[in-house]
Amino acid sequence: MSETATLAWFARHEARLAWRDWVAMIAGRRRRQRTAAVLVIVFLVGMHLLALAMVGRFADLGPDPDKVTLVVITGSLLLSWFLMMSQAMESVTRAFYARADLDLILSSPIEARKVFAVRIAATALSVTAMAMVLAAPFINVLAIRGGPHWLDAYGVVFAMGVSAAAVAVAATIGLFRLIGPKRTRLIAQIVAAVIGAAFVIGLQIVAILSYGTLSRLAVLESDDVVALAPDVGSVAWWPARAVLGDPLALAIVVAAGLAALLAVILIFSARFGEHVLHAAGISQGPARQRAKPHGFRRRSPASALRRKEWTLLRRDPWLVSQTLMQVLYLVPPALLLWRSFSNGTGALFLLVPVLVMAAGQLAGGLAWLAISGEDAPDLVITAPVPASLIQRAKIEAVLGVIAIAFVPFVVALAFVSIFAAAVCACGVLIAAASATAIQLWFRAQAKRSHFRRRQTSSRIATFAEAFASIGWAATAGLLAAGTSLAAIPGVMAILVLALARLISPSRRSAERMA
Amino acid sequence: MLSRSPPPDALEIRGLRKAFDRPAVDGLDLTVRAGEFYSLLGPNGAGKTTTLRMVVGLLRPDAGSISVLGIDALADPVAAKQVMAWISDEPMIYDKLTPFEYLEFVAGLWGVEPLIAEARARDLLGWLGLVPHAHERCEGFSKGMRQKVALAGALVHEPALIILDEPLTGLDAGSARQVKNVLRERVSAGSTVIMTTHILEVAERMADRIGVIAGGRLIAQGSLDELRLQAGKSGTLEDTFLALVANEAA
């Protein structure tokens, strides 16, 4: 086989892996492709309906837009671009550190530079394909209602995907050179997550503080932003003009995206291989030395288990950042509630549901780590400790962290209203216990490093956890406001839990054993 | 004059069965005496690991009984686990703990007095050549080092019965010798060792008795000479083992 043919074959191999990852993400790791296809169709139909409701009214926008329209479209494109860049950075970091096939690739008789050129291109295409799938319903709806010129938006999405991947590769390699392989892994993953969240959250926070709404459009359409934006003739609007069907702008935007990717491939593909080798070697380096090792201390098995969980969590900043990231998205609604109802003590009562919701989400992540993410299950199971005690110790470890995180809020609330604080404390406890129980029922042994995949490993558990948290948050919020309507979401949360228990694998296996 | 009852066997298995898609262990009877080094051999898929995982409580048998040093392991698993240690072929340790902290954690789980456990931990780390790495996190350790940390964890509570599944796979010669020395020392001190291995030379040199499993049942058991007699073939353990398995298949 010639080298070109080998590279083409490698590109097909990469495409196949990307496709299988994608199917697994949509349908779960054990599902069949037919299930994946059905789920994709359901997803696409649902997304088209959603798109119709969201952007249908903008279909009549013509090729000669005003400044406000350009600002809104450009702002939305920028938001999407940051999300794509976040995903691309995550993919690039995985390519550096996931060593599953690197030994094989690097020992093959093909020049590493060429192999990694293909891999960078594959990453770009994978990011672009995902963006296309998500954007397609919106573009299709606009094209059906407003005319085929909207189909040019596909070209813009392509350009955004490849340019986001190009910047992600350059940024990751820059980090690698700046702070070294060990720190890059952590920092790049945190940066990727923060980039994805920061733009959305930042716009929402500005919208809330300035206009008292969660809508990002309020910021983009505001007089202040429009006044600050460049004139309508500026090159900054080319992507927006391309979306609206300007063929010249589209050609320039696509060419710029491709040029960025090509430049990155040419400049960085050789270094990419070099850095992959460095990254592969970091685990062989000396591990960090503890400053002052203490002697063995007397501990009960439960105490040993709790302490172990806390130590592992404390020593893994990536896990901490991923866990806290879930709570970050609750900042805008909390801010909105605070701002909207900041007369008297009403705002504080409205913090109750936000705190309860956050506790549920945080407990779910921590419980997954303690229960499913046990790295030495054989050791723990073969210890002379009853299974119930092991389970209790792990639950205590989770609730301990929740208590440390939420007690300050509850105490602060108590200064304003003892009743609201009591409701908040009970809500936090119940939401955390519910999320932990769901993780217990749906436990499936996994590596801690697969924390981010936990939501795709069991969608039922993910939805049950979310709905139960929402239910308890609503119950606590309404109860704090002193209305008996609190019973309705409370009953719904209990029903969600009962249903989750009923269909949980642990109950089915217990029935089989009986 | 009082008559002394004989000490209980380290492991007594009767009629043990476990099926997944097909029977993995099929009415297994096995006795391992206290204080002996017992090696369990068998072709891939013979049921060795499944058997041992049932003994240590990682799998629940479909039928049969398991007695560990006179303790009914199915009726009172916690008491049985107190005197046992298990090491699998894939050492599972915590990347973010140091070997010293790992041993402290294991000692806590087994309820060992801290001073005694710490002294034992220091001895074990010394015997296994882990002292220079005792306070480094395990995340950068090689497979051999991880296996040695797991072994130290298994021995820190001084188990009477040590069960190892392929403990020498992937170890370099030096590490393998350290592990073998520690196991020999434990047997000299009165512990019982049950070890599965595909390295027949190790079984031949170290084991007091060897059991051969095929198709989920024990097809032969005894010293090397006794196995040769049963196989009707002289030669190395490899020749004998292959003859026994071939006879069973026929």
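Modeller: In chain B, six strands form an open sheet in the order 6-7-8-3-9-10, and their pairing is mixed. Strands and helices are DSSP runs numbered from the N terminus (E, at least two residues, for strands; H or I, at least four, for helices), and two strands pair if DSSP finds at least two bridges between them. The edges of this sheet are strand 6 (84-87) and strand 10 (217-222) of chain B; each has a single partner strand, so one side of each has no neighbour in the sheet. When direction is ignored, neighbouring strands of the sheet are turned against each other by 15° on average.

This is a predicted model, in which local features need pLDDT of at least 70 and side-chain atom pairs count only at pLDDT 80 or more, while totals for chains, interfaces and linings use all residues. Residues are numbered from 1 along each chain as its sequence is written, with chains lettered from A and ligands numbered from 1 in the order in which they are written.

Within the sheet, strand 7 (residues 161-165) of chain B pairs with strand 8 (residues 192-196) of chain B in the parallel sense, over five bridges.

Which residues are in contact with Ile163(B), leaving aside its neighbours within four places in sequence? They are Leu52(B), Val55(B), Val56(B), Met84(B), Ala85(B), Trp86(B) and Ile194(B), contact being counted if C-beta atoms, placed from the backbone, lie within 7 Å.

The largest nonpolar core has 147 residues, and Ile163(B), together with Val356(A), Ala359(A) and Cys424(A), touches the most other members. Helix 14 (residues 346-372) of chain A supplies the largest share of this core, 16 residues. Apart from this core lies another, of 66 residues, including Val169(A), Ala193(A), Ala240(A) and Val253(A). A nonpolar core joins buried Ala, Val, Leu, Ile, Met, Phe, Trp, Tyr and Cys residues through C-beta atoms within 7 Å, buried meaning that 20 or more other C-beta atoms lie within 10 Å.

Helix 1 (residues 48-55) of chain B also lies across strand 1 (11-19), strand 2 and strand 4 of chain B, at about 115° to strand 1 of chain B. These strands belong to an open sheet of four strands in chain B, with the order 2-1-4-5 and antiparallel pairing. Strand 2 (23-32) and strand 5 (71-72) of chain B are its edges, each with a single partner strand, so one side of each is left without a neighbour in the sheet. Strand 4 (residues 63-68) of chain B pairs with strand 5 of chain B over two bridges in the antiparallel sense, and Ser67(B) stands opposite Asp72(B) in strand 5 of chain B.

Finally, the two chains meet in a contact that takes 33 residues from chain A and 33 residues from chain B. On the side of chain A that touches chain B, helix 11 (301-314) and helix 15 (377-381) of chain A are the elements that give two or more residues. Helix 11 of chain A gives the most, with six residues.

Technical notes: Buried ≥ 20, exposed ≤ 12 C-beta atoms within 10 Å, placed from the backbone. Axes fitted to C-alpha atoms, helices over the stretch in contact; angles between N-to-C directions.
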